[in-house]
Amino acid sequence: MKIEQTKIQLIHNPTAGAEEHEAEHLTEMLHAAGYRCKYVSSKKKFMKKIATDIKYMVVAGGDGTVRKVVLALLDKKLKYKRPLAILPLGTANNIASSLGIEENLRLNAESWKQKKLQKLDVGVAKTRKEEMHFIESFGFGLFPALIKWMDEQPKTPFEDPNEEVLEAHNALLHLAKHYQPIPATILLDGKELSDEFLMIELLNIARLGPKLMLAKNANPGDGMLELVMIKAKQRPLMIKYLEEIVEGKKPPFPIKSIPVNQFKIKLDTKDIHVDDELIETSQHTWDIGILPHMIDILLTK
């Protein structure tokens, strides 16, 4: 008796990963694991039409590709919503890592048959004129400054992805030593607080940027965000933490995150990011919240 293969939609970033992550190799691996694969590049209109018999949408790429697919689903008002499976091919893979998703692609694909699902929340940041969604994090200060610095560097490919991560760690350490604090006023639990900050981040997942575990208690499906605030007076703590990271150690992040589902902040800075993208805006007051349980993610463990 012939067993019918599960039909999946593979959305693949062709510029991510090594040679074994090319389209032909991925589709062959998925076929061997028992799936009938419909392929589309993430560089094209991948959400134009999803067949009704598609069981899972498989995202092969890094964090940016996962975000691109989730935002496309939201843009279509979840019309084509299916459980998402992630084949992590990026440098950081913070989303997959925070969800405990298997990096071994063959074992990853085999595990989908267990049909173990995790809800994924989506963060939302609003001003009077703008609204944007985030999967990983939304924040101000050091991390958008790091993104800006990396965007300005010559685009020379790294033979070893770990070298790129180490370069980002060193750059972040330099920024932590010299970054000008941002005055901000926040409203938290009905109380107003004004101070100067090196960094304010609202995380939906545990890791941020160059594989840094900043919110170990983050659960991407609990309807909460993890707020991380580094005040100017806490600069020495941040520097010491990053120095140990650069030395190859694995220190715990020294500042405890705070679970929130609503957050309001007023500040004047151009160092703002949503996931891995910088924002250009003239708005100073932000309301940040969460859209719970928007997407189902297939887990591997």
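**View 1. Helix α7 and its buried face.** Buried residues of α7 are Arg235, Met238, Ile239, Tyr241, Leu242, Glu244 and Ile245. Buried here means under 20% relative accessible area, exposed over 50%, and partly exposed in between (1.4 Å probe, protein chains only). The model is predicted: local features need pLDDT of at least 70, side-chain atom pairs count only at pLDDT 80 or more, and totals for chains, interfaces and linings use all residues. Residues are numbered from 1 along each chain as its sequence is written, and side-chain values use heavy atoms, with hydrogens and water left out. Helices (H or I, at least four residues) and strands (E, at least two) are DSSP runs, numbered from the N terminus. The buried residues of α7 pack against α5, α6, β9, β11 and β12. Contact means heavy atoms within 4.5 Å. With twelve residues, α7 reaches 16 Å from its first C-alpha to its last, close to the 16 Å expected at 1.5 Å a residue. The expected span of a helix is 1.5 Å times one less than its number of residues. Gly248 follows α7 and has a positive phi, near 90°.

**View 2. Glu244 on helix α7.** Glu244 sits in helix α7. Its side chain joins that of Lys240 in a polar contact of 2.8 Å. A polar contact is a pair of N or O atoms within 3.5 Å; within protein, one must be able to donate a hydrogen and the other to accept it, and residues adjacent in sequence count only if both atoms are side-chain atoms. Leaving aside neighbours within four places in sequence, Glu244 is in contact with Lys249 and Pro251.

**View 3. Helix α6, from its cap to His178.** Helix α6 covers residues 161-178. At 1.5 Å a residue, its 18 residues should span 26 Å, and the end C-alpha atoms are 26 Å apart, which agrees. Asp160 caps the N-terminal end of α6, with a side-chain oxygen 2.9 Å from the backbone nitrogen of Asn162. Buried positions in α6 are Val165, Ala168, His169, Ala171, Leu172, Leu173, Leu175 and Ala176. Their cover includes α5 (142-151), β9 (191-203), β11 (212-213) and α7 (235-246). His178 also belongs to helix α6. His178 counts as exposed because its relative accessibility is 55%. His178 and Pro252 are 74 residues apart in sequence and 23 Å apart in space, C-alpha to C-alpha.

**View 4. The largest pocket.** This pocket has a volume of about 1,600 Å³. On a 1 Å grid over the protein atoms alone, a pocket is an open set of points where a 1.4 Å probe fits, with protein on both sides within 12 Å along at least five of seven lines; lining residues have an atom within 4 Å of a point. Grid points are joined across faces, edges and corners, and a volume is the space filled by probe spheres set on the points. The lining of the largest pocket has 50 residues, with Gly90, Thr91, Ala92, Met150 and Glu164 nearest the centre. At least two lining residues come from each of α2 (63-75), α3 (94-98), α5, α6 and β10 (207-208). Helix α6 gives the most, with six residues. The lining divides into 18 nonpolar, 18 polar and 14 charged residues. Ala, Val, Leu, Ile, Met, Phe, Trp, Tyr, Cys and Pro count as nonpolar, Asp, Glu, Lys and Arg as charged, and the others, Gly among them, as polar.

**View 5. The second largest pocket.** About 650 Å³ of space lies in this pocket. It is lined by 28 residues, and Lys211, Met213, Tyr241, Ile245 and Pro251 are closest to its centre. Two or more lining residues come from each of α3, α6, β11 and α7. Again α6 gives the most, here with four residues. The lining of the second largest pocket divides into 15 nonpolar, seven polar and six charged residues.

**View 6. His273 in strand β15.** His273 lies in strand β15 (residues 272-274). His273 counts as buried because its relative accessibility is 1%. Its side chain makes a polar contact of 2.8 Å with the side chain of Glu201. A polar atom of the His273 side chain also lies 2.6 Å from the backbone oxygen of Asp275. Not counting residues up to four places away in sequence, His273 touches residues including Phe138, Phe143, Ile147, Leu208 and Leu278.
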